[in-house]
Every structure is written in C-alpha cells, then in structure tokens.
Amino acid sequence: MRYLPLTDPDRAAMLEKIGADSVDVLFADVPAEHYLDGPVAGLPLAASEMAVEKHMRRLSKKNLAAADAAFFCGAGAYRHHVPATVDHIIQRGEFLTAYTPYQPEIAQGTLQMLFEFQTQVARLYGCAVANASMYDGSTACWEAIVMAARLTKRRGVLISGGLHPHYVSVAQTMARFTDEAIAYQLPTLEADPGDDALIARISDDTSCVVVQYPDIMGRIPDLQRIADAAHEKGALLIVANTEPVALGALEAPGNLGADIVVGEGQAIGVGLQFGGPYLGLFAITNPKHVRQMPGRLCGETVDADGKRGFVLTLSTREQHIRREKATSNICTNSGLCALAFSVHMTLLGEKGLTALAAENHRLACLAADRLDKVPGVRVLNDTFFNEFTLVLDKEARPLVRKLAEHGVLAGVALGRLFPHGEGLDDGLLVTVTETVTEDDIETLAKSLEEALS
Amino acid sequence: MNKMNAGGWKPGTPVSSNNEGEYPTVTGNRALKLEERLIFELGTRETCGVDLPEPKADAPNRLGKFARQQLIDLPGLSEPETVRHYTRLSRQNYAIDLGLFPLGSCTMKHNPRLNEKVARMPGFADVHPLQPVDTIKGALGVIDELSHWLIELTGMSAVAMSPKAGAHGELCGILCIRAALEARGDARKVVLVPESAHGTNPATAAFAGYEVEDIPADKDGRVDLEALKARLGPDVAGVMITNPNTCGLFERDMKAISDAVHAAGGLVYCDGANFNAIMGRVRPGDLGVDAMHINLHKTFSTPHGGGGPGSGPVVLSEALAPYAPLPFIVKDGETGEIHLVEEENVGDEFPGSFGRMTAFHGQMGMFTRALTYILSHGADGLRQASGDAVLNANYILRSLDDVLDAPFGEAGHCMHEALFSDNGFADGMSTLDVAKGLIDEGFHPMTMYFPLVVHGAMLVEPTETESKATLDQFVMAMRSLAERAKAGDETLKTAPHHAPRARLDEAQAARKPVLAWQGSVEG
C-alpha cells in the first residue's frame, strides 16, 4: 500500500524487538470473539491512485458545477472568484499538514496568520476582538446566543424572521437541550424587514436580539434602531452576516451598535464545496467580554530573547482546561479556511474589497432592473446588496428545478428554505456576484420569461 | 485592552541588541530563516493584488442609508508580496510534510495529495449546497459511499454525517442519547465519564445539560468495571468512554461495560478519536457501543490545516439511528435512489430526528478526501494500516522503556500510542523540557501532561505512515533527551535553541491580551 512505509523485513525486525510473534499478538487485549481475522467482509480492496481518481471523477461528473451553469445561488453560501494564489498558499504543506499551534516556537506561521486574521475580521465587523474562527456561521451564531446568556444572565432569545432558517434551526435544536427560550416568527414576503415588529417584542427577559444583515431575503435592517431598543431593555444585539463582501459596501455592524457580530466567512477565499468546510467568524465590540468568548484566541507576546511572537491564549476558557465549565465544547477552529480568507483578504485589501463590493452591487442592481421587467416577476426589495428576492406569479421551487435542467441555477426558492412558511412559496432569492456576466443575467431573464409564460 | 502592542523586537526593525548569539545580522534574518512583518506593517490601503473595475461614482445604489461611511482600515498586498508573505510564514511552521508529528490522540498521519486533487474537482468544489437535488447526485453519492464504509467498518446501523469536528460529533452523539431517552419519557440527569477522558467529553456532556461524574481507572489504566457498575442506576443516562483509551490501552471489558450500562437503562457513547488503532480489527458495534464519532481528520487522513477544519461523523446503533440530526440521506433498497431528508420531508417518516446541528450538509470537502483515502486503502489496506500503527507504537514503547518510565509497560502491549511518565527525571526537569528539546532535534513534541492519570505524561503516537528509519531516529533523540533530563542538563530548560522563536511568554499574553493589531494602516 503506497501510504505505508514499513516493509516486511522492517515488520519482522520490529516484532522481534517487541518480543511478539505477529501483529495479531499486539491486539491480545481485544477479546478473541470480537477480533476480526481478516479484512471486513463485503468491502472493496486497495485500489491504485489512477483507479480511485477515475471513480471519484465519475461521481463528480454527476453534479452540475456552478461554472457550467448560469449561476445565481446564495442564501448563506456565495460564489466569488478566488484568486489562484489562495489555493496555492493553503496547499503549502507547512500550513496544510500542521497541527493546532500548541507549540508556538514551531508554529509562528499559523499563529501570525491567525493574529492577522483576527485583526482583519475585527476591522471588517467594526469590532474590538475577533476569535481564531469557528465551524461555520450557523454554529458561531448559536455560540453567540449562549455567550449573551452568560453575560446577561437572561434566557430569552429574540430571533428576527430575517435570520437564515438553518441558523434558526440550529439555535432551536440546541435550545431544546439548554435553558434558552427562543422567540421566532417566520418572515413575510414584504419589502420592509420588519424592524418595528421585532423591536416591539424586546422585553426585560430578552438576553439578545439576533438580526441578519443583510437578511435572508436580501433586505437591510436598521441595526442602529434595533441596537438602541435592545440596549434600552438591557439586551444585547447579535448581528449575523452571511456575506462578508457586503461589508465592503455596508457600514460595519460593530459601528451600528452590535455587541456580538458573527458570520459565515466562506464567501472570501473558501469556495462553495457543497456547504463545507466553511468558516465561522466571531467578534465582539466590548473587549471586557473577551473572557466569555468561545473559541481559540491568538495573542501577541515576546519570546525569551525579547522577540515578538504569538501564542494561543486565554485557554482557561477552553474545554481541555476547564472541562465541564468551559465556555464551549468546541475544540477545533477552521484554521485552513481562516488562512484562505486571510490570504484573499490580503490580496483585496481596503481598495479591493471596496471595489469588489461595488462590482457586486452594480451587477445586482443591473439584474434586479432587468428581471423586474419580466412579466410575472417583481423585485421585492427596496434595499439590498448582491442578493434580492423576486416575487413570481407562480411557485418558485418547481420552476427552479425546471430551469436547472437547462443549465440555469436560478437561485434559491424561499419554499426550499421555509418549507413550512406561509405565503413564501412564490419567492425566489437571486444572488449576483462578480462571477455573473451580463449574458448570464439575460439568460436568466429569458428563462424566467419562458417558464412563466 | 491595552492600546500598545506588546514590546519586543519586531521584524522589519534593525537588531541592536547583542543577544543574537554568534554572527549577528542587522535584519534579524538568518539566511533561510527569514523574519516577516505583519500584513498591517507591510501593506497599504491603496495596494491591491486583484484586478477589479474602478467603482463608478454615479453607479446605482440600493443600499439605502446603510452605505459604509467609516474606513475598514485593511491593508492590501500585491500578488508577489502576498505569495512571499505567506511563504515566509509557512517556513516558521512544523508540519507532517517535514517530519514526525507524534502527538498522542491526534493521529497525525500523512495527508495524501490525491485527496486534495479530488476535492478540487469542479463537480465537488464548485457546487452549491442548495442546488436542486437532481444537480447534486454525485455529492449524495459521495455521502452514501462514505457512510457505507463507516457503517461497515464500525458495525453500526447508521451514521450522522453533518457534525463539523470531533467535539461537534460528541455533542451529536450525546444529543441522540438524550433524544432517545426523552422519547421514552426517561429524564436521566447524569453522564459518567472516566477520569482519563478527553477534556471535550465532560464539556460536551455539560453543554447538553448533563451533570458529569467521574469514574476512576483501575491500576492497569482501564475503566474500573466494578466502580462503574456500582454507580449505574436510574439517574444515569449513559457513559462516555474512549476506546482504545487515552493511556493507549484497549478497554478489555468494553462489552461488559456496555451490557451493564444497557441493563441499567443507559446508553454508551464511545469517543472514536483513537479509532485508527482498531480500524478493520474490531468493530465498536460488536462491543455494544451506541454512538461513536469518527475524526475524519485523524483516522481518515484529511489535513489538520493548522487547527481545522475537522469533520466528525457519528455512527449510531439501531437504538439511536431514529434520532439522527438533519440533513441525512436515505437510500432506496430497491431502486438505489438516494433521497435527501431535510426539514420539509422529515416529518412523517422520521419523527425522532433531534433537529439540525449546522447549516447545509457537513464537511463535504472532507468527505471527498476521506472517501478517496478509504478507497485507496481498501478493506485490506485499512487493516494493514491499523496493524502498522500499533506495531510502530509498540516498537517505540520497547525501544524506550529502559530509559523512560512506562507506567503500563509491564501490563502488556499498547495500542497505537505509547505512554511514558517523568518518573526518574532530575529535580526541576520536566516533561515540557523534553518536549522542547525534541523541537531542537527536529521533531514535533509528543502530547504532554495528558492523560492526567499519569504524572508528567508523554503520549507518543507515531501512526502507520512513519518508516522504521524515522522511528529509529526519534528513538535516538528521545534516549538522548531522557538521559539529559535524568542528569539535570540545564540547557534543556531553555530549549528550543534552534527554532524560529525561543520559549514564548504565555503569562504575559494572558495577563494583558493583545488580540488584534492596534495601529492604523498606511493610506
């Protein structure tokens, strides 16, 4: 087997050193009645690199790759152009095959990168401190809810209807096992993101209000108003962002009163990958709360020779030290995805991110105007960044499936996101990034026209 | 948060002190050992490494009143500067590609490059998680094939694929247990965890709302079966047990433990972090396990990536399968058609599912890598791999047990990791010193001070992807370090001497945390 360096003479010499007759003898502690004396039955045997590649390629061909379609899907996972440099860097073995940097003397590469990443995320979000990443946006969002409960010692969680339904679902699932009481109402097919109704529901028991920005239908809620209302009642504002490129054009949540900002970082550097691995981002505006934060943190220090260096720090919050008193049971971050994000963000910088956001918004406006002219189609949103909701005069789901047969991935039907939602079936969420061409927009418009006529 | 960054010499500034050893340089560089500034010190707000159209002032604007007013203050670098920055940083990292990474319980094995190539096929890398099901048949096919392997290798009934990493998988397993108990109206409060367990185990049980109670180990480093039996009762939801355990030993009584827990109405969670030792040799399902997470980033060679992403599918027994989280796939036995089960269609057929743990489908990019690895090995190769992993660990155990104390060495063979203690070191010499000495010898340190049941523990897991020549060199280094520790060699106290950094002041980092760069980027 090509990944196993030992030769039979090696094995024989090593067994002799150990004083065992065979490898099987080393498994003497496994009760004989449960020890398998050969390979697990019914499974294939070893295969060459060529054969495995062929098999996997055949499987991959059964998927329609975004690049082979006119592509307008978003809803928490975004297709942006990722510069070739990003993939080259993350495939360097020194990053790819390194462990968590618990030995800082020989992990300064990962640690310095994480320190830079934390700073990039904190600035993008308008926050004081960001952690070294979490699993994904949905789990980061739940961790923020639990952190808010620790800080406020309250249990009421008020979730906006504009939050990604998967994030809501994760929170509702986890809350079944904790003491959090979640209040959530499905969104309605309206241009107004419903800030007033949300604000009206904040009470003295509310630990936190969770708002997505821009929201699941592409609308942009007024964070400052919600923040003021929440703070007046002693509650925290958690803002979730699923599209970080938007923050190149929109004011940062931390500058608009958010206390905890979480999000999905996948859009920058990571790629679609059918939903994972992704990159949870987590940041706070008040640095005094850092000891209540979940996840790994990288901090600056000096070494014994007085040189600047970086270490994982404040680990007394973490499970491997605190065991059942930890701030979270999470042990892994999303290191390599954080690297991809950081490299892409470094290539972009202030100027590039701003220009990328502007290009997304320009194309999205173009698409919205064009699609609004299709008979039977109306653009719902007053405000949006690169994602908006179309209201069709028929159910969107079957139409999306039909268009896919013709190589048009038209977007995400709200009926897929909210299968039990009332009155949302005609909604189609359309996302337009810089990877979309004006021809693609025309293709989508024509396809919709045809399908709706 | 203090305003200033911590002091100390920074790359990019001249070296003026004379503590640079022999042959000081003014840059702080040492030939191929290159110092690197932060991107915030290198870049400017005007530099960009991507070509993008200039934004137009008169472009349409649907941002309402929310357009950004404040500077983000991010630095940019051109492409060549970016490549150089990260390449220089990369060279300050140790990695499996460079050498042995004997971290016990972490299974740092070779990461095959075919895995990377496959994961980047457009049909896997460039697919959206919410595309219509007809356009993602291949993705569901990958999940189905990998599921089949994991189920067959573990002798279980089902697998929940979505957990994002090991601890997330633990949580999934415990939540399945809680959901199953609640479904039968049985609100049990306590989870038993052996004292040798991973720290994540008690953290997970507590997160899921359980009280955690320790169960002691016996003198052989295994779970004390009688103590466990004595504690079982109607308040015990289950046990979380690691097998092989964190002392590197197989829990011989695993079946008896499971039977006792089941008889008392509880369920058995097994931490599968150490599955690499027994893969293809014994099936946890045959030992009565109800749930076990599998770290694809350990056993099945997906890269650790400097701390993630991981992937932690959870195999489930028949008793727990109905409670698996969404989404999951179901294969039609007759047509072979694979169906995706999500919130909308879970209702009637699968009422028990405890909900959703993450957006989308789990770590697809890791599924493709793990499946590629598994198909490469085949059932025979996987069995050979666990055999070689255990052989390598025993070879290290027997090559060092005359110079290092091996607390359970007399009890027989170990599994995939060899455990030593600091017993016999000179006063003032510690496991940490040996670990830092290993860095100078060109190895990554072993796992230190874990498991907690052994004083000054050193847990060495070589994995099967190391050659005998590498192991022999490691043994040579460890023998030398053991002698130095026993002799009280003071130079070990200040090791490493040859790494990019000397020992770092972790106390200062925690006392006055500097967690972000504080300056303003050049305009």
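## Chain A: content and dimensions

Chain A of this predicted model contains 15 helices and 15 strands. Its C-alpha atoms occupy a box of roughly 80 × 55 × 50 Å along the principal axes.

Of the 453 residues in chain A, 63% are buried. Counting contacts between residues at least 6 apart in the sequence of chain A, 74% link residues at least 24 apart.

## The seven-stranded sheet

Chain A has an open sheet of seven strands with mixed pairing, in the order β2-β8-β7-β6-β5-β3-β4. The edge positions belong to β2 (129-130) and β4 (181-184) of chain A; each has a single partner strand, so one side of each is left without a neighbour in the sheet.

Strand β7 (residues 260-264) and strand β8 (residues 280-284) of chain A are antiparallel and joined over five bridges. Across this pair, Glu264(A) is opposite Gly280(A) of β8(A).

## Helices lying across the sheet

Two helices of chain A can be described against the strands. Helix α7 (residues 137-152) of chain A lies across β3 (156-159), β5 (206-212), β6 (236-241), β7 and β8 of chain A, and runs at about 165° to β7(A). Helix α10 (residues 223-232) of chain A lies across β5 and β6 of chain A, at about 150° to β6(A).

## Helix α8 and its cover

Helix α8 (residues 165-175) of chain A is mostly covered, with nine of its eleven residues buried. The buried residues of α8(A) are Pro165(A), His166(A), Tyr167(A), Val168(A), Ser169(A), Val170(A), Ala171(A), Thr173(A) and Met174(A).

The cover over these buried residues includes elements of both chains: α7, β3, β4, β6 and α14 (414-417) of chain A, together with α10 (343-346) of chain B.

Two packed helices are described by the angle between their axes and the distance between the axes. For helix α6 (residues 108-125) and helix α12 (residues 335-372) of chain A, the axes come within 9 Å and cross at roughly 65°. The crossing of α6(A) and α12(A) is left-handed.

On the α6(A) side, the residues in contact are Thr110(A), Met113(A), Leu114(A), Glu116(A), Phe117(A) and Gln120(A). They meet Gly335(A), Ala338(A), Leu339(A), Phe341(A), Ser342(A) and Met345(A) of α12(A). Sorted by class, the contact of α6(A) with α12(A) has seven nonpolar, four polar and one charged residues.

## Contact between chains A and B

The contact between the chains takes 170 residues from chain A and 184 residues from chain B. Helix α12(A) supplies the largest share of the chain A side, 21 residues. By class, the side of chain A that touches chain B has 88 nonpolar, 50 polar and 32 charged residues.

## Chain B: content and dimensions

Chain B has 14 helices and twelve strands. A box of roughly 75 × 70 × 45 Å, taken along the principal axes, holds the C-alpha atoms of chain B. With 523 residues, a compact globule would have a radius of gyration near 24 Å, and the 26 Å of chain B agrees with this.

Buried residues account for 58% of the 523 residues in chain B. Of the contacts in chain B with a separation of 6 or more, 74% are between residues 24 or more positions apart.

Conventions. Residues numbered from 1 in each chain as written. Chains lettered and ligands numbered in written order. Predicted model: local features only at pLDDT ≥ 70, side-chain atom pairs only at ≥ 80, totals over all residues. Helix = DSSP H or I, 4+ residues; strand = E, 2+ residues; numbered from the N terminus. Buried ≥ 20, exposed ≤ 12 C-beta atoms within 10 Å, placed from the backbone. Contact = placed C-beta atoms within 7 Å. Pairing = 2+ DSSP bridges. Axes fitted to C-alpha atoms, helices over the stretch in contact; angles between N-to-C directions. Left-handed = near helix turned anticlockwise from the far one by under 90°. Nonpolar A, V, L, I, M, F, W, Y, C, P; charged D, E, K, R; others polar. Rg over C-alpha atoms; globule rule 2.2 N^0.38 Å.
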